[in-house]
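I opened this entry to look up a few backbone and side-chain details. My notes follow the display.

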Amino acid sequence: MRIDEAFDELQRSINEELGQTRLARERRDLFKSALISEPDVTEALGSGSLQRSTQLKPINDVDIIVVYDATQHPDWGTAGLSAEDALDHARGQVNRLLGKTNGSHGNEVRRALPRNHAVKCFLDDPDDDNGFTVDVMPALRQADGSLLIPEKLTQTWVPADPEHLIDLVADRQRDWEHFRPLVRVLKQWRHDVAVTGRIKSLVIEVLALDCMPNSGNRSSGLRAFFTAAAARVNEGVKDPAELCGEIQPDLDYDGLQAALADAAELADRACAAAASGDTDQALRLWQEILGDSFPAPAAPTKPAKPVTGAPALITGTPALSTPRPIKDAPQG
């Protein structure tokens, strides 16, 4: 198998089936069309990884931003209970428009619960860990084009610009056809990294924006990413719009840096093996980095050593041999 064929197979194992992606988009668009019909809503936008086309399978949730007319909600955007009020208002609209029993635009939503920034809408059983949800986030558009979004826990409104990230990813994909697919590969890679706690997928996506090249094949692109990311990750991974600061303040930066450095070293060896014509070894090294979903031939087995010094036979009975002493090796 050629290396590009192996990457194709890996990608197929990571990408969601087209039918499931289509279903997720249809559900997202149903929410958008219902909410934009409200008189106080000026925009209903898709957001999140599905909008950026960097999602992994399975797609269990989608994100919607609902921009409201500030003149109809003059108290929104200020500190205090207005953040909770905005979430409650969005929840009421969702239930009226899309509630399971009496929704005027559909009967998709079993339950809608306000969380910190968004209303989580359960389209399946709320007790199903893999059930499909839609996060509806109310927002106010600012003069500079950014958004203010409610933060229930702190009773404030905070700035954000998710559209900036959407545009950045789209620009990089136009520059290099492998960008989005490799972002998905790296998001999958993070699940196998030995760190304390989890690594948010957005951390990997922003690192890719900073460290992925704009040309080359997938092997060279990943090698360049791992090398560059290992060198800069400890500087911090921050919101590209420079509004929200650190994306994951509790991230185990040392653990992630070590994992990136290990992957960079293996990627160097894989590219060197491919350049020397040893495709099988290159495939095995990429599998070591990316996991068993990356196809690779089995490692060659070493030939068995010939048996020598067989014990002598005396009157047809094997001679007794002295047992080899057992030593306590420091490696255990």
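I started with glutamine 155, which is partly exposed because its relative accessibility is 36%, a value between the 20% and 50% cut-offs. I keep in mind that this is a predicted model.

I then checked the backbone of glutamine 155. Its phi is near 55°, which is positive, and the residue is not glycine. I placed glutamine 155 in the loop that runs between strand S6 (147–151) and strand S7 (156–160).

Next I turned to glutamate 242. Here too I read a positive phi in a non-glycine residue, near 60°. Is glutamate 242 buried or exposed? I find it exposed, because its relative accessible area is 71% and exposed means over 50%. Glutamate 242 sits in the loop between helix H8 (218–232) and helix H9 (253–275).

I looked up the peptide bonds as well. Which bond is cis, with omega about -5°? I find that bond between lysine 57 and proline 58. Proline 58 belongs to the loop between helix H3 (48–52) and strand S2 (61–68).

Last, I followed a side chain in a helix. Glutamine 173 is part of helix H5 (residues 162–175). A polar atom of the glutamine 173 side chain lies 3.0 Å from the backbone oxygen of glutamate 177. I then listed contacts, setting aside neighbours within four places in sequence. On that basis glutamine 173 touches His178, Phe179, Arg180 and Pro181.

Conventions:
Residues numbered from 1 in each chain as written. Predicted model: local features only at pLDDT ≥ 70, side-chain atom pairs only at ≥ 80, totals over all residues. Heavy atoms only, no water. Helix = DSSP H or I, 4+ residues; strand = E, 2+ residues; numbered from the N terminus. Buried < 20%, exposed > 50% of the residue type's maximum accessible area, 1.4 Å probe, protein only. Polar contact = N/O pair within 3.5 Å; in protein donor to acceptor, adjacent residues only side chain to side chain. Contact = heavy atoms within 4.5 Å.
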